[in-house]
Structures are given as C-alpha cells and as structure tokens.
Amino acid sequence: MEREIYDEDHEAFRDVVKEFIKRYATNEKREKWDADGEIDRETMLAAGEAGILGLSVPEEFGGAGMLQDYRFRAVVLEETIKAGNGSLAGALGIQDDLAIPYLVHMGTQAQKEKWLPRMATGEVLGALAMTEPGAGSDLRGIKTTAKKVDGGYIVNGAKTFISSGKTADVVVTFVKTGSGNRPDAFSLVLIENGMAGFEHGKKLSKVGFHGWDTAELSFTDVFVPDENLIGGVEGKGFVQLMMNLPLERLSIGVAAAAAAEAGFLWSLEYTTSREAFGQAVADFQNTRFALADMATTVDVLWAYIDRAMMLYKDSRLTPEEAAKVKFWATEREWEVLDAGVQLHGGYGYMLEYPIARAWTDARVHRIYGGTNEVMREIVAREVTGRK
Ligand SMILES: Cc1cc2nc3c(=O)[nH]c(=O)nc-3n(C[C@H](O)[C@H](O)[C@H](O)COP(=O)(O)OP(=O)(O)OC[C@H]3O[C@@H](n4cnc5c(N)ncnc54)[C@H](O)[C@@H]3O)c2cc1C
C-alpha cells in the first residue's frame with residue numbers, strides 16, 4: 001500500500017542516507033562492528049557530517065531541528081535497517097531519540113549551548129541510564145543516589161543494560177535526590193566520561209544487535225557539578241523521563257515496522273530464487289499465503305505507525321497511544337520476522353543472512369523501552385479507568 005507521509009524533501013534525504021550507507025556502512029564495516037561490539041567513532045562523525053545524525057538538535061545549535069517531525073528520522077531507520085544494519089540504526093537512534101531530547105526539551109540554555117552543537121556532529125555521543133541491576137520496569141526502585149554537597153552532587157550506584165554505554169561521552173543518568181519514592185525524589189544528571197569514580201563496566205554479550213554496545217556503568221563518589229543537573233531544577237527527573245517516553249516508544253515502533261518490511265522483502269527475494277522439489281519455494285501455496293500475510297501486516301503496520309508519526313508531529317501522541325504503538329508494532333514485527341526465518345529454512349538461522357540478524361535484534365524490542373507487559377498496563381489503565 002502506498003504511504004502518504006513523505007514528500008520530495010524526504011525522498012531527497014533518503015538518497016543522502018542511501019549514499020551514506022553505500023560509503024560508510026558496507027558489509028565489511030558491519031562485520032567489524034559485530035566483531036568489535038560497537039560502531040566506530042569515525043562512522044558516527046561521518047553520520048554527523050552527512051547530516052543524518054543530530055536531526056533532533058535545533059537549527060540554532062547546528063542540527064536539523066526535527067525533534068517533533070519524526071519523518072526524517074524514520075527515513076534513517078528504514079534505510080539502515082533495510083541495509084541489514086540494525087546496530088547502526090540503534091546507535092544513531094540513541095543519540096537522536098534518547099540522549100539529545102533531554103537537553104533540547106529540558107536542558108538549561110547553558111547546557112544546550114555546551115552540548116548540543118557537538119552532539120549534532122557526533123563529537124559528543126550520549127546515552128540514557130535508567131535501569132539498574134535491581135530495578136528496570138519499577139524505576140522508582142532505583143538505588144543510585146545523588147547527595148547534595150556544596151557546588152554539586154556526589155553520585156553513588158550502578159546502572160546496567162545501557163545502550164551505547166561504552167561509547168558514550170555523556171550519560172543522562174536517573175538518580176535519587178530525595179527520600180522515599182514519590183516522583184519528586186528523582187532527578188536527571190549528566191555524567192561525563194573522565195569524572196573521577198565513573199567507571200564503564202564490561203560490554204555485555206547480547207543475543208542480537210551485536211555491533212551496538214550495551215554496558216554496565218558504576219559510580220563511586222562521583223562529583224557532578226550543579227551545572228550538570230538537567231534543567232537546573234532538582235526533583236524533576238521522573239517527570240522528565242515520562243515526557244520523553246512517547247518519543248522513545250514511537251521510535252521503537254518505527255524501527256519495528258521498518259524491520260518487518262525489510263523481513264518481508266528479504267523473504268520474497270529468497271523464496272523466489274530458492275528451489276525445492278523442482279519449483280521455486282515461492283510457488284508452494286504455504287509460502288504464497290505466508291508472503292501474503294506478511295505483506296498485509298506490513299501495510300497495516302505502516303498505516304498505524306505513519307498516523308502515530310503525524311500525531312507526534314502535532315504534539316498529540318499521548319503516552320497511552322505511544323504505549324499501544326510500541327507493544328503492537330513490536331509483536332507484529334516478531335511475527336513477520338519469525339515467518340521470514342522459517343521461509344529461509346536453515347539459512348534463516350545463519351547470521352550471514354539479514355533475516356537472521358533482524359530476528360535476533362527484534363527480540364529486545366518487546367523488552368526495552370518499557371516491556372510489552374508494562375505497555376499493556378498503561379493502556380489498560382486508560383481503557384478501564386482503573387489503576
Ligand atoms: C539490549 C538492551 C538495551 C537496553 N538499553 C537500555 C538503555 O539504554 N537505558 C536504560 O536505562 N535501560 C536499557 N535497557 C533496560 C530495559 O529497558 C529493561 O531491561 C526493561 O525495562 C525491563 O526491566 P528489567 O530487565 O529490570 O525487567 P523486570 O522489570 O524485572 O521485568 C521482569 C518481567 O516482569 C514483568 N513485569 C514487571 N513489572 C510488571 C508489571 N507491572 N505488570 C506486568 N508485568 C510486569 C516484565 O514485563 C518482565 O516480563 C536495555 C535492555 C536491553 C536488554
């Protein structure tokens with residue numbers, strides 16, 4: 001089904017992204033990133049140079065000013081994922097959808113001036129650290145504290161599962177500045193590489209997204225100056241997180257739709273060229289029906305996701321709508337990719353094939369950004385009116 005949200009500017013931008021992929025995100029590069037467990041800095045700088053990173057940074061700070069209009073970001077996700085490069089899509093997404101928005105929406109003028117121009121170029125990479133070994137879904141259970149002292153805070157604690165945690169230069173960190181677990185007991189602080197007591201733990205070995213680092217972080221008496229308190233006001237951290245979650249969940253929905261579409265296209269190509277019992281695999285009725293189901297799911301996905309993108313553009317995507325998008329899209333993505341793996345036979349299980357990589361990448365879409373169970377809780381709360 002033809003999509004209607006893009007105009008010629010988006011299509012011209014798509015060409016820029018494709019050219020970038022051709023030059024900087026070759027298969028050899030991807031294999032190296034997968035082996036190293038991270039994307040090299042040169043590639044991130046090249047993405048900044050090409051104008052496909054930092055899209056969410058306002059123009060006055062050197063970016064494209066596209067925080068509310070997600071369509072250009074969607075083009076980046078679509079093309080990198082279609083090129084079989086989920087890890088690159090993820091690394092670019094952390095910068096634009098998770099790190100930069102906290103500074104754009106909530107940062108002080110001084111914080112914006114200090115960080116955003118270099119985040120737009122890729123000179124400074126960011127990460128977002130909320131999850132701890134003992135607290136993921138239940139964020140108010142975190143134990144990392146930031147104790148007020150003269151001129152700043154002393155941070156102690158640990159975070160885990162932090163995307164881009166190893167490669168990031170600055171980490172937007174969710175900490176406890178008050179007692180109890182009321183929303184005003186929490187704040188966000190920017191913790192910089194090189195601050196005494198800030199250690200990067202080991203790079204975690206994951207099922208998918210092999211070329212994108214995920215790390216543990218630890219903080220031992222780290223002094224964080226007042227100027228690094230996001231927004232300059234204590235006790236706003238929980239509200240700040242809630243404000244950005246619709247964007248994070250929309251971005252996962254877009255990535256899921258892009259991966260489902262790519263999975264369908266790879267499966268179509270594979271089954272039309274692979275033969276069994278003297279005919280193309282695509283000519284078995286089972287394959288034809290599976291492809292028909294996949295194509296239809298992809299169409300419905302995009303119709304829904306495109307609508308969500310346009311609502312977000314007009315600041316009308318509610319947290320509940322974003323939760324629906326996240327859980328529904330990632331579950332359709334999983335169905336399509338799993339069917340695609342099956343249609344590829346044994347080759348579908350080989351990481352050399354993009355369908356296999358996309359399938360392993362997709363599994364975490366139902367877990368991070370808020371698990372799909374928690375998403376259903378958010379939706380159920382709204383539809384039933386009961387806590
Ligand atoms: C690859 C990867 C990258 C990640 N990147 C980041 C990152 O960049 N920054 C960051 O801060 N975090 C990140 N995370 C963490 C991720 O967001 C959490 O893993 C996720 O929120 C779940 O938390 P948890 O692992 O503690 O599971 P738990 O919260 O312990 O959940 C365990 C199970 O209980 C269920 N459950 C929990 N609460 C409820 C409830 N109220 N109702 C019903 N079921 C419930 C969950 O759905 C799940 O099935 C990442 C995780 C992974 C795997």
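Residues are numbered from 1 along each chain as its sequence is written, and side-chain values use heavy atoms, with hydrogens and water left out. Because the model is predicted, local features need pLDDT of at least 70 and side-chain atom pairs count only at pLDDT 80 or more, whereas totals for chains, interfaces and linings use all residues.

**Exercise 1. Aromatic pairs**

Task: Classify the ring pair of Trp 334 and Trp 359, and then the pair of Tyr 347 and Tyr 353.

Solution: Begin with the criterion, by which rings of Phe, Tyr and Trp (its six-membered ring) pair if their centres lie within 6.5 Å, with planes under 30 degrees apart counted as stacked, over 60 as edge-to-face and the rest as tilted. A search of the whole structure on this basis finds 13 aromatic pairs. For Trp 334 and Trp 359 the centres are 5.5 Å apart and the planes stand at 20°, so this pair is stacked. The two residues lie 25 residues apart, Trp 334 in helix α9 (residues 319–343) and Trp 359 in helix α10 (residues 354–363), and their pair links distant parts of the chain; helices here are DSSP runs (H or I, at least four residues) and strands likewise (E, at least two), numbered from the N terminus. For Tyr 347 and Tyr 353 the centres are 5.5 Å apart with planes at 50°, so that pair is tilted.

**Exercise 2. Charges over rings**

Task: Which rings lie under Arg 140 and Arg 363?

Solution: The test asks that NZ of Lys or CZ of Arg be within 6 Å of the ring centre and within 35 degrees of the ring normal. The charged end of Arg 140 sits over the ring of Phe 238, 4.8 Å from its centre, and Phe 238 also forms one aromatic cluster with Phe 174 and Phe 186. Arg 363 lies over the face of Trp 334, at 5.8 Å from the ring centre.

**Exercise 3. The ligand shell**

Task: Describe the residues that surround the ligand and the polar contacts made with it.

Solution: By class, the shell divides into eight nonpolar, six polar and three charged residues. Next come the polar contacts, pairs of N or O atoms within 3.5 Å. A polar side-chain atom of Thr 131 lies 2.7 Å from a nitrogen atom of the ligand, a polar side-chain atom of Ser 137 lies 2.6 Å from a ligand oxygen atom, and a polar backbone atom of Phe 161 is 2.8 Å from a nitrogen atom of the ligand. Taken alone the ligand exposes 970 Å², of which the protein buries 64%, where areas come from the Shrake-Rupley method with a 1.4 Å probe. Two or more residues of the shell come from each of β1 (126–129), β3 (152–163) and α11 (372–384), and β3 gives the most, with three residues.

**Exercise 4. Burial and backbone angle**

Solution: Buried means under 20% relative accessible area, exposed over 50%, and partly exposed in between (1.4 Å probe, protein chains only). Phe 209, in the loop between β6 (198–203) and β7 (214–225), has 6% relative accessibility and therefore counts as buried. Its phi is near 45°, a positive value in a residue other than glycine. Most residues other than glycine have a negative phi.

Key
A polar contact is a pair of N or O atoms within 3.5 Å; within protein, one must be able to donate a hydrogen and the other to accept it, and residues adjacent in sequence count only if both atoms are side-chain atoms. Ala, Val, Leu, Ile, Met, Phe, Trp, Tyr, Cys and Pro count as nonpolar, Asp, Glu, Lys and Arg as charged, and the others, Gly among them, as polar.
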